[in-house]
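Have a look at the model first, then read on.

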Amino acid sequence: MTETAVDFLSVREAAEQRRSIRAYEPGPIPREELEEILDVVRRAPSAFNVQPWRFLVVESPELKAQLAAAAFNQRQVHSAPAVIVLYTDMEDALANLDAVVHPGMPPEQRESTKATIRRMFSAQPADEREAWGAGQGYIALGYLLLAAEARGYQTSPMSGFDLAKVKEVLGLPANARVPALVAIGHAAEEGFPQHRLPLASLMKVA
Ligand SMILES: Cc1cc2nc3c(=O)[nH]c(=O)nc-3n(C[C@H](O)[C@H](O)[C@H](O)COP(=O)(O)O)c2cc1C
């Protein structure tokens with residue numbers, strides 16, 4: 001596919017075309033292309049705009065081997081040139097509320113918004129708060145899968161891993177959650193043709 005065609009893949013085209021790929025061509029992903037994809041992902045919306053997602057791009061072969069061991073040796077972790085660890089960290093998100101509350105708000109409203117968000121989350125058990133953050137992370141996951149496909153890359157999202165081991169290997173904070181590991185690269189296999197429920201079985205209008 002030419003560079004131009006990749007750039008112009010529409011949301012519909014990317015959604016129709018994408019499938020999980022578990023074998024990848026070798027070769028690094030240019031940093032600017034990774035950044036272009038993640039620059040789309042960071043634009044995902046989240047409740048209160050807290051944006052609790054963080055992206056750790058694992059490229060080092062040594063680290064990738066350790067990550068694979070923590071992910072039941074799934075073959076896509078071994079062969080992909082990069083695995084994006086999409087994790088969420090509500091402690092970090094709440095420590096940085098100043099950066100996420102809209103700068104266009106009048107100062108008083110900014111302060112009261114921050115106080116409301118802090119109050120709401122501090123009343124919650126930490127586990128529940130982090131689970132909530134992980135739920136927001138899946139919004140970013142959807143963006144990531146589509147953005148990568150639109151940019152000419154294939155992906156394999158994974159929730160099959162040992163969370164404690166992944167955190168240990170990567171040195172992630174104890175409170176962090178990992179909505180998914182995402183292998184990314186150029187496909188070296190076709191993958192399964194897409195199979196989805198028909199819209200008529202999913203949609204009702206009331
Ligand atoms: C959150 C999430 C977790 C997944 N975990 C795994 C996994 O651990 N291993 C795997 O081989 N596929 C995994 N998948 C891929 C799904 O099996 C796949 O998306 C689904 O069967 C539809 O196929 P498609 O992606 O090729 O269209 C996961 C997908 C999602 C969205």
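Arginine 22 has a polar side-chain atom 2.7 Å from a ligand oxygen, and for arginine 18 an N or O atom of the side chain is 3.1 Å from an oxygen atom of the ligand. (A polar contact here is a pair of N or O atoms within 3.5 Å.) On its own the ligand has 620 Å² of accessible area, and the protein covers 64% of this (Shrake-Rupley method, 1.4 Å probe).

## The shell around the ligand

Which residues are around the ligand? They are Arg18, Arg19, Ser20, Arg22, Gln74, Gln76, Pro157, Met158, Ser159, Gly160 and Arg196, taking residues with a heavy atom within 4 Å. Two of the shell residues are nonpolar, five polar and four charged (Ala, Val, Leu, Ile, Met, Phe, Trp, Tyr, Cys and Pro count as nonpolar, Asp, Glu, Lys and Arg as charged, and the others, Gly among them, as polar).

## How to read the values

Residues are numbered from 1 along each chain as its sequence is written, and side-chain values use heavy atoms, leaving out hydrogens and water. Because the model is predicted, local features need pLDDT of at least 70 and side-chain atom pairs count only at pLDDT 80 or more, while totals for chains, interfaces and linings use all residues.

Definitions and conventions
A polar contact is a pair of N or O atoms within 3.5 Å; within protein, one must be able to donate a hydrogen and the other to accept it, and residues adjacent in sequence count only if both atoms are side-chain atoms.
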